[in-house]
Every structure is written in structure tokens, then in C-alpha cells.
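Please look over the structure shown here before reading on. The paragraphs below go through it one site at a time.

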Amino acid sequence: MSSSSSDIQREQKTSVVNLSDAEWKKKLSDEEYRILRKKETEYPGMGKYNKHFETGIYKCAGCGQELYDSSSKFDSHCGWPAFSSSVATSVKRQKDEDGYREEILCANCDGHLGHVFKGEGIPDANGKIIQERHCVNSASLKFEKKN
Ligand SMILES: [Zn+2]
């Protein structure tokens, strides 16, 4: 089989929405797979980005799509990374299987991120009340530092 004629330069794409379950398992770490693909939740207070406040962008650990800017991150003391808003349309929402929470997922690869909570009355660093808290698993994120 000659591959030379079909060796077309592939475009750099972040879209990996068509991966099978087995392919995801190979691509992700065990923890990332359990959380992103099986919707599990990491232990509170244990995630690598829980108390992480550097300047940069948090990307999807599954597909690399930009999800949250560090400027929207705040310390909610809930045990998981918390953001007041996401990057544009990169995060989609759906009703959780439990029937009352709102689940958040990467809009590009459907990876499970966490949940959105509203009306908690938590003030941000400037004393302004935060409208919604995106409660996100650290394992669903990959941080990229900005200089
Ligand atoms: Zn993704």
C-alpha cells in the first residue's frame, strides 16, 4: 500500500468530537477519562487548580478548546476551581441526570466539566456579587500561562 498519494497535509484542528470511548481512554489519563467522559467528580480540595491563581487560560483537557480565562476565576472555598463566566460559546449546558443541577460540558468535545450554580450571593475580590459559579473539575482543565 502506497501512502504517498494520499499523504495530504492535515489541517490543525482542535475538534476531536468523533473519538470512540476506547480512543478517549487511550488519549486521556485515568482521572481525566473518569471525569471528562464518565462525569465523575474529583475529591474536593484535591484538584491541581483549586488554589491556582496565575494569569492565563484554562483549556479543555480533552480537546484543547479555550474554556475559562483566569480573570473570571475566584476563590469560592467550595473545593473546586470556580469561574464566574466562560469564554464565549465554548461551554454548553444541559440538565444534569439528577434532574436539578445544570451540567456544563465542553461545547467542542462534550467533555464533562462540572456544574453551574446560581444565586449564591458570593462576592468577588471587589465585593461585587457573582451571578453564577462554574464549579469545574481540575482534571477537566489544562492551564496555559500568559506572560
Ligand atoms: Zn473539549
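**A cavity, a histidine and a metal site**

By class, 4 nonpolar, 2 polar and 4 charged residues make up the lining of the largest cavity. The model is a predicted one. A search of the whole structure finds 1 cavity of 30 Å³ or more, and the volume of the largest cavity is about 30 Å³. Rolling a probe the size of a water molecule over the atoms shows where empty space is left.

The residues that line this cavity are Phe74, Phe117, Lys118, Gly119, Glu120, Ile122, Ile130, Gln131, Glu132 and Arg133. Two strands, β7 (112–118) and β8 (132–136), each supply at least two residues of the lining.

Next comes a single residue. Histidine 52 sits in the loop between α2 (30–37) and β1 (56–60). Is histidine 52 buried or exposed? Its relative accessible area is 13%, so histidine 52 is buried, given that buried means under 20%. Leaving aside residues up to four places away in sequence, histidine 52 touches Tyr58, Lys73 and Phe143.

The zinc ion is coordinated by the SG atoms of Cys60, Cys63, Cys106 and Cys109, at 2.3 to 2.4 Å. Along the chain, these donors follow the spacing C-x2-C-x42-C-x2-C. Cysteine 60 in strand β1 and cysteine 109 in the loop between β6 (102–106) and β7 are 49 residues apart, and this pair links distant parts of the chain. Both cysteine 60 and cysteine 109 are buried.

Why is the arrangement around the zinc ion tetrahedral? The 4 donor atoms subtend angles of 102 to 114 degrees, which makes it so. For four tetrahedral donors, the ideal angle at a metal is 109.5 degrees.

Note on methods:
Residues are numbered from 1 along each chain as its sequence is written. This is a predicted model: local features need pLDDT of at least 70, side-chain atom pairs count only at pLDDT 80 or more; totals for chains, interfaces and linings use all residues. Side-chain values use heavy atoms; hydrogens and water are left out. On a 1 Å grid over the protein atoms alone, a cavity is a set of points where a 1.4 Å probe fits but cannot get out, and a pocket is an open set with protein on both sides within 12 Å along at least five of seven lines; lining residues have an atom within 4 Å of a point. Grid points are joined across faces, edges and corners, and a volume is the space filled by probe spheres set on the points. Helices (H or I, at least four residues) and strands (E, at least two) are DSSP runs, numbered from the N terminus. Ala, Val, Leu, Ile, Met, Phe, Trp, Tyr, Cys and Pro count as nonpolar, Asp, Glu, Lys and Arg as charged, and the others, Gly among them, as polar. Buried means under 20% relative accessible area, exposed over 50%, partly exposed in between (1.4 Å probe, protein chains only). Contact means heavy atoms within 4.5 Å. Donors are N, O and S atoms within 2.8 Å of the metal (3.2 Å for Na, K and Ca); water is not among the atoms, so sites may look incomplete. Four donors count as tetrahedral if all angles lie between 85 and 135 degrees; four count as square planar and six as octahedral if opposite donors are over 155 degrees apart and all others between 65 and 115; anything else is irregular.
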